[in-house]
Amino acid sequence: MGVPLRQQLTVAGYLLKQKLKGVKKYPMVLMLEPLFRCNLACAGCGKIDYPDEILDKRLSFEECMQAVDECGAPMVSIPGGEPLIHKEMPEIVAGIVARKKYVYLCTNALLLKKKIDDYTPSPFLTFSVHLDGLKERHDASVCQDGVFDRAVEAIKVAVSKGFRVTVNCTLFQGETPEDVAEFLDYAMELGVEGATIAPGFSYERAPRQDIFIKGKDTKNLFRDIFKLGKTRNWKLNHSSLYLDFLAGNQNYQCTPWGNPTRNIFGWQKPCYLLTDEGYAATFQELLDDTPWEKYGNSSNPKCAQCMAHCGYEATAVEDMLQHPIKAFITSIRGPKTTGPMVAEPTPKWATEQLKPRKTIGGIPVKVER
Ligand code: SF4
Ligand code: SF4
């Protein structure tokens, strides 16, 4: 894992504190989404199809600090939109760093070189640069030529100035394991601290729906990537059990409160990925009023294909706390890449459909629950 020991210890201390206090639902990473406006228009994006009056809205510095304080998570991820467009972003980042929270500023890096001197290198600040593959693949993914070259140039500048830098890679249809392996080799050569890697979530709002990988194809792809990775030295910024989950070896339900989202509408129910489920006014209200049982890969058709780290990394960490020996063995051995995969849970909506329906005079009627 690429995460520095100091950060790992801080997060471990936070988790221990939650356990000792008997807290059942606690946040690990705040997803702070201060704007939806972006300077790209990627085919798989579920964030930018709002009207201009929404895209022009911003969370203020004060609102961002309030969200960070209210939530209390030890890590803050700032996705978007493109955060570097936000005029107050340097102050927002500085405010989070001053609170000794680890902040991941997720950027497509188009503005990074120009704006980098607005930021100060710190163990608490990481630029997480969006790169979905090598040049051809990435430029196709973001629907614009030349973006890969600019992102790579910005990464080199950021690394040379002493910033922590990671790459975040989302996988879509048509990936080959060899291409992904070559990309990860290249990313490590750039001197980044690590890479996050996950299958794209099939946003209903995304302009194209045919690009998302689904079901067993996802798990087989990850198995093949991890097979190639056995002889390489990739630093993947994920827990060993989340990687094992991606390879089809863990049967997890998501933990969406582990990565709560605050954006211009409020605290998003239930997670960063589902956009039409409503908002809470406060973090506590999000915890108390979200019908969590309605979500997850076996509870809701919208969640059926989800394997995103914002839903399952917290589950994997919880599993690691419950089963440290299993987690240790998996971290030494790496994800299992052969043998049967774990059975997927039967979706509740499928069993609902199989239930005999109440009829009156042979006509099905709605059953109140
Ligand atoms: S860079 Fe990110 S926020 Fe911008 S369009 Fe692409 S996926 Fe969406
Ligand atoms: S499975 Fe969980 S993390 Fe994924 S979309 Fe559904 S609620 Fe969100």
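Me: What makes the reach of helix α7 close to the expected one?
Reply: In this predicted model, helix α7 spans residues 147-160 and has 14 residues. The expected span is 1.5 Å times one less than the number of residues, and for α7 both the expected value and the reach from first C-alpha to last are 20 Å. Helices are DSSP runs (H or I, at least four residues), as strands are (E, at least two), numbered from the N terminus. Residues are numbered from 1 along each chain, and ligands from 1 in the order written. Local features need pLDDT of at least 70, and side-chain values use heavy atoms, without hydrogens and water.

Me: How do you know on which side of α7 the buried residues lie?
Reply: Val147, Phe148, Ala151, Val152, Ala154, Ile155 and Ala158 are buried in α7. They cover an arc of only 165° around the axis (taken from the directions to the C-beta atoms), so they lie on the same side of α7.

Me: Why is Phe124 called buried?
Reply: Buried means under 20% relative accessible area, exposed over 50%, and partly exposed in between (1.4 Å probe, protein chains only). Phe124 has 8% relative accessibility and therefore counts as buried. Phe124 belongs to the loop between α5 (112-115) and β4 (125-130).

Me: What makes up the shell around ligand 1, by class?
Reply: Six residues are nonpolar, three polar and none charged. Nonpolar are Ala, Val, Leu, Ile, Met, Phe, Trp, Tyr, Cys and Pro; charged are Asp, Glu, Lys and Arg; the others, Gly among them, are polar. The residues around ligand 1 (a heavy atom within 4 Å) include Cys38, Leu40, Asn108 and His130.

How values were computed
This is a predicted model: local features need pLDDT of at least 70, side-chain atom pairs count only at pLDDT 80 or more; totals for chains, interfaces and linings use all residues.
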